[in-house]
Amino acid sequence: MIVLEHRIAAGRPARECLWYAADFRNLPQWDRSVTAVEKMTEGAIGSGARFELRTRNGMREQLLHYEILRFSPPYAATLRGEGDGVTVVDDIRIESTDRGCLLHWRVEIRLRSGWLENLARPWIQRNVQRAAQALERALRAPEPARLGFGGHLADRLVLPGAARFTRQGFQAARLAPIVERAEGHHIVITGATSGLGEAAATALARRGARLTIIGRDGQRLRALVKHLRVDSGCRARIIEADLLDLEQTAQAGRQLLQDDPPDVLINNAGALFAGRDESPQGFERALAINALSPLLLMDMLGPAIPSGGRIINVVSGGMYLTPLRLHDLQYHQGRYDGATAYGRAKRILTVIGMRRARAWPHLAVHAMHPGWADTPGVRRSLPAFHRLMRPLLRDAVQGADTAVWLALSAAGAESRNGVWFDRVPHPIDVLPSTRLRSAQIDALDGQMCTLIGPWLSTQGAAA
């Protein structure tokens, strides 16, 4: 039997370290020999949870079946894995310290014959050592995000900046795993039945969040709730509301205020339309669902979100090249272009969100954009772009990463100017033509307040 022990210093709370290390779905992030992991049991991580691991050792692939034998958060877990001719026991113990915790990782590996153990021992020791070093890097206390000179330069140049929106740009960013936990936090996500919203909901549920999902399709909402229950044991709540309709948006907001105000609101719902049409209240559709509806939820819920809470508005990199036309916010003039209308609405949401951040010092208000992600919305709304760019597009998990990080990280508790992208705040304006003066922002805010005002006043009357 080969026995290896490592002591890993982590600048994080014990519960974060144990959950991250014991949930073997995280293994590919810190063990290079593991290529894929699937959780085979339903519900939360705990004793009896089982995983199927695929590993690659040189040219040889192997399947391992792991089970959590003991799970005693926040201080201990034991897992046992078996494969063709190999048995592995991982014992994890956590010791709290003044600076975080110490993780004691003991690995026992038994191969089918003694001579094979002797032959494989140096290679196994090297692999486990590398995994321990990678785990220590993952559990380090997070460092403040910095844009750097190259980032500042790329933000001012269209093509280098856009190149970072790709899957390759995400990989080049080398972001640390998200280890933070979400127990005790009520997080509301709009538009979470597919794409970025579903990825964010899954990630937050795995980290212990209490979720409320707002969407218009009851069948898809219930399917998502089932998926979350199987994946993580989360019993998410749903609110059926078509966020193109401001009356339904306001009703969802009133229900949340009455029953359970959130700690975090993620305004993710949005849509890009090929042609101009109007919402039930007579607003241009892109403006209604991408700006008016999230602003209404933000203005309704913001004052009720407790201190330290966050509002995260999912916007778009497409807004960088899209100036606003304050005299024609509803696109009555000129030939309608869906991408332009979408970009304008997301810019409105970003600008007004920054204004609200200054008005609400008790919470943080952020805008983030996901880069170019391969989502059902992109495939449906921009088919030519999707066909051309598909090899370069991020997956939904990569696109949702910054929203999840902002919801949980200490950095997300403080408002900052700009738009977050890959966990770093970037300027809103790339071109001088998109920059608004203070008086123009005042005028824009006034127009938005006028448009959503009737539903806010209804809220006040109901209260």
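Helices and strands are DSSP runs, numbered from the N terminus, with at least four residues (H or I) for a helix and at least two (E) for a strand. On that basis, R423 is placed in the loop between β14 and β15 (424-426). The model is a predicted one. Its largest nonpolar core holds 62 residues, and a search of the whole structure finds 26 salt bridges.

**Nonpolar core**

- The members of the largest nonpolar core that touch the most other members are I214, L292, L295, I311, I348, L444 and M448.
- At least two residues of this core come from each of α9 (246-259), α10 (285-301), α11 (338-359), β13 (364-368), β14 (419-421) and α15 (438-462).
- Helix α10 gives the largest share of the core, with twelve residues.
- In soluble globular proteins, nonpolar side chains tend to be buried together.

- Helix α1 is mostly covered, as eight of its nine residues are buried.
- The buried residues of α1 are A14, E16, C17, L18, W19, Y20, A21 and A22.
- W19 belongs to helix α1, which spans residues 14-22.
- W19 counts as buried because its relative accessibility is 17%, and buried means under 20%.
- The C-alpha atom of W19 lies 8.3 Å from that of V179, although the two residues are 160 residues apart along the chain.
- L4 is a residue of strand β1, which covers residues 2-10.
- With a relative accessibility of 11%, L4 is also classed as buried.
- L4 and I124 are separated by 120 residues in sequence and by 9.3 Å in space, C-alpha to C-alpha.

**Salt bridges of R25**

- R25 and D23 meet through their side chains in a salt bridge, at 3.0 Å from N to O.
- R25 also forms a salt bridge with D231, where the closest N and O atoms are 3.1 Å apart.
- R25 is buried because its relative accessible area is 14%, under the 20% limit.
- D23 is buried as well, with a relative accessible area of 7%.
- D231 is buried too, its relative accessible area being 11%.
- Side chains of opposite charge can pair when their charged atoms come close.

**Salt bridges of R356 and D299**

- The side chains of R356 and D299 form a salt bridge at 2.8 Å, N to O.
- Because R356 lies in helix α11 and D299 in helix α10, the pair ties together parts that are 57 residues apart in sequence.
- Both R356 and D299 are buried.
- A network of salt bridges links D299, R355, R356, D442 and D445.

**Positive surface patch**

- A patch of positive charge on the surface gathers R32, R126, R130, R137 and R140.
- One of these residues, R140, is placed in the loop between α3 (114-138) and α4 (148-156).

**Backbone geometry**

- Most residues other than glycine have a negative phi, and most peptide bonds are trans.
- The peptide bond from P73 to P74 is cis, with omega near 5°.
- P74 is located in the loop between β4 (60-72) and β5 (76-83).
- R174, a residue other than glycine, has a positive phi near 50°.
- The position of R174 is in the loop between α6 (167-173) and β8 (186-190).
- R174 counts as exposed because its relative accessibility is 75%, and exposed means over 50%.
- R423 is not a glycine, yet its phi is positive, at about 70°.
- R423, in the loop between β14 and β15, counts as buried at 8% relative accessibility.

Technical notes. Residues are numbered from 1 along each chain as its sequence is written. This is a predicted model: local features need pLDDT of at least 70, side-chain atom pairs count only at pLDDT 80 or more; totals for chains, interfaces and linings use all residues. Side-chain values use heavy atoms; hydrogens and water are left out. Patches are made of residues with over 30% relative accessible area and no salt bridge: like charges are joined within 9 Å, nonpolar side chains (Val, Leu, Ile, Met, Phe, Trp, Tyr) within 5 Å. Accessible areas come from the Shrake-Rupley method with a 1.4 Å probe; for residues, only the protein chains shown count as cover. A salt bridge is a side-chain nitrogen of Lys or Arg within 4 Å of a carboxyl oxygen of Asp or Glu. Lys and Arg count as positive and Asp and Glu as negative; His and the chain ends are not counted. The place of a charge is taken as NZ of Lys, CZ of Arg, CG of Asp or CD of Glu. A nonpolar core is a set of buried Ala, Val, Leu, Ile, Met, Phe, Trp, Tyr and Cys residues joined through side-chain atoms within 4.5 Å. Buried means under 20% relative accessible area, exposed over 50%, partly exposed in between (1.4 Å probe, protein chains only).
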